[in-house]
Amino acid sequence: MHGEYKVPGGKLVVVDLEVADGRIADFHLAGDFFLEPDDALADIDAAVTGLPVEADVATIAAAVRAALPPGAQLLGFTPESVGTAIRRALIVAPGWTEFEWEIIHEKAVSPAMNLALDEVLTSRVGDGRRRPTLRIWEWDESAVVIGSFQSLRNEVDPEGAARHGFQVVRRISGGGAMLMAAGSIVTYSLYVPAELVAGMTFADSYAFLDDWVLHALRSLGVDATYQPLNDISSPKGKIGGAAQKRLANGGVLHHATLSYDMDGQVLTEVLRIGREKLSDKGTTSAAKRVDPLRSQTGLPRAEIIERLKETFASLYGARSGSISPEEYAEAEALVESKFATDAWLQRVP
């Protein structure tokens, strides 16, 4: 069995193994990482050989870590990444380039419609009616998008939202509230089959699915990094955040919002941001929490979006696609029955 895992921001981890009597046998680790001392590679191979095939990432990582000699240096990979590669080998998980990808970037729609499209397109990828897809959002009005499990009254100041023209909507993924001013953010969604992230921990899948955008941002001169669990950041501050939802039919939604030109004062007047959350982010002012891409690149928003699309296409062979009339119709029906209703918005008062 053969498995590979590209560490986000790091190196490629490759494993080859056999299975005998329910245990890992003849295990060999390889890759373009750095490891000192040299003979620590044999220690890792020996530590993994004999583990039960049911061993999870944490168990494998603990065995690898315990076997390393004092002072061993792992550069570009971790014991956890070895565990992820092994889990992917055992379940024969495919890589990015084993799928045919589409990129969608279409007309501006309402906040509720964007959220409905997320659910519809994720479901269609899950049941095989659509290829895995990257979609760039466009908005016809500004919105506050709260997480699926957030309290509406705790997160949003309704008077501030109304005063600044922000519609309030709720998405199907968890995570925190996002202030999405039309024309001032870059939001994208990935609709992928669960096989792509098979064998990964939930946390690892976040960084894995956003690794391509780090490449794109770095090509624009932004020193972008991923900060667990779900933040895209730079030395100058936070750039954006990601969220996920996994459907029962095997579709995975991963979407992220990057700030292009954020008004920090508006942020404080629309969102109820507590002192504890700000201190957790290492700041004392909400206005400093998000560092816009405009200030770091000096480029128009449209040029940044084009670089994202070009990078994704070059890495994974994606081609331009579109949303079908049937998909739009299904999303419109979902807006009426769910995303535009008080019942959905108030599901957590």
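Predicted model: local features only at pLDDT ≥ 70, side-chain atom pairs only at ≥ 80, totals over all residues.

**Cis peptide bonds.** Select glutamate 36 and proline 37 and show the backbone. The peptide bond joining glutamate 36 to proline 37 is cis, and its omega is near 0°. Proline 37 sits in the loop that runs between β4 (34-36) and α1 (40-48).

Now move along to proline 228 and leucine 229. Here too you will find a cis bond, running from proline 228 to leucine 229, with omega near 5°. Leucine 229 belongs to the loop between β12 (225-227) and β13 (231-234).

**Positive phi values.** Next, pick aspartate 21, in the loop between β2 (12-20) and β3 (23-31). Its phi is near 55°, a positive value in a residue other than glycine.

Then select aspartate 26, which lies in strand β3. Phi of aspartate 26 is also positive, near 50°.

**The cavity.** Finally, head inside. The model has 1 cavity of 30 Å³ or more, and the largest cavity holds about 60 Å³ of space. To display its lining, select Ile104, Glu106, Lys107, Val109, Asn114, Leu117, Arg135, Ile136, Trp137, Glu138, Ile323 and Tyr328. Colour the lining by residue class and you get 7 nonpolar, 1 polar and 4 charged residues. Two elements to highlight are α4 (111-126) and β7 (133-136), each supplying at least two residues of this lining.

Notes:
Residues numbered from 1 in each chain as written. Heavy atoms only, no water. Helix = DSSP H or I, 4+ residues; strand = E, 2+ residues; numbered from the N terminus. 1 Å grid on protein atoms, 1.4 Å probe; cavity = no way out; pocket = protein on both sides within 12 Å on 5 of 7 lines; lining within 4 Å. Points joined across faces, edges and corners; volume = space filled by probe spheres on them. Nonpolar A, V, L, I, M, F, W, Y, C, P; charged D, E, K, R; others polar.
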